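Hi,

Here is the structure I promised to pass on. Have a look at it first, then read my notes below.

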Amino acid sequence: MTPRADSPSGGRRVTVHSSGRDEILGTAYSDHDLVVVLEGAGVAEPEAILDDPQWVEWRGGPAHQFHAA
C-alpha cells in the first residue's frame with residue numbers, strides 16, 4: 001500500500017501494487033481512513049502494518065500526516 005501526499009486539498013491517495021500494476025483504492029485523510037481502506041482491501045489487522053515498510057510505503061511527506069500539500 002502506498003499513501004501518497006499529492007492532493008492539494010489534503011489527504012493521501014492510497015494505491016496497491018498487484019499483478020504488475022497500481023490500483024487506486026481511495027483517499028485517506030487520517031490514519032483511521034487509511035485503516036478503513038486497508039480493511040476494505042482485505043488486510044487483517046491493518047493498524048498493525050501502518051509503520052511496517054514491507055506493507056506500507058509513505059510517499060511525498062512524513063508518515064501519518066495528511067494535511068494539504
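**What I found**

S19 lies in the loop between β2 and β3 (21–28); strands are DSSP runs of E, at least two residues, numbered from the N terminus. This is a predicted model, so local features need pLDDT of at least 70 and side-chain atom pairs pLDDT 80 or more, while totals for chains, interfaces and linings use all residues. Residues are numbered from 1 along each chain as its sequence is written, and side-chain values use heavy atoms, without hydrogens and water.

S19 is not a glycine, yet its phi is positive, about 55 degrees. S19 is exposed, at 73% relative accessible area. Exposed means over 50%, buried under 20%, and partly exposed in between (1.4 Å probe, protein chains only).

H64 also has a positive phi, about 70 degrees, and is not a glycine. H64 is partly exposed, at 30%.

Now R12. R12 is in strand β2 (residues 12–18). R12 is buried but has no salt bridge (a side-chain nitrogen of Lys or Arg within 4 Å of a carboxyl oxygen of Asp or Glu). The nearest side chain of opposite charge is D31, 7.4 Å away; Lys and Arg count as positive, Asp and Glu as negative, and His and the chain ends are not counted. What does the side chain of R12 reach at 3.0 Å? The backbone oxygen of R59.

The charged end of R12 also sits over the ring of F66, 5.9 Å from its centre (the rule: NZ of Lys or CZ of Arg within 6 Å of the ring centre and within 35 degrees of the ring normal). F66 is buried, and so is W58.

Best wishes

Key: Helices (H or I, at least four residues) and strands (E, at least two) are DSSP runs, numbered from the N terminus. A polar contact is a pair of N or O atoms within 3.5 Å; within protein, one must be able to donate a hydrogen and the other to accept it, and residues adjacent in sequence count only if both atoms are side-chain atoms.
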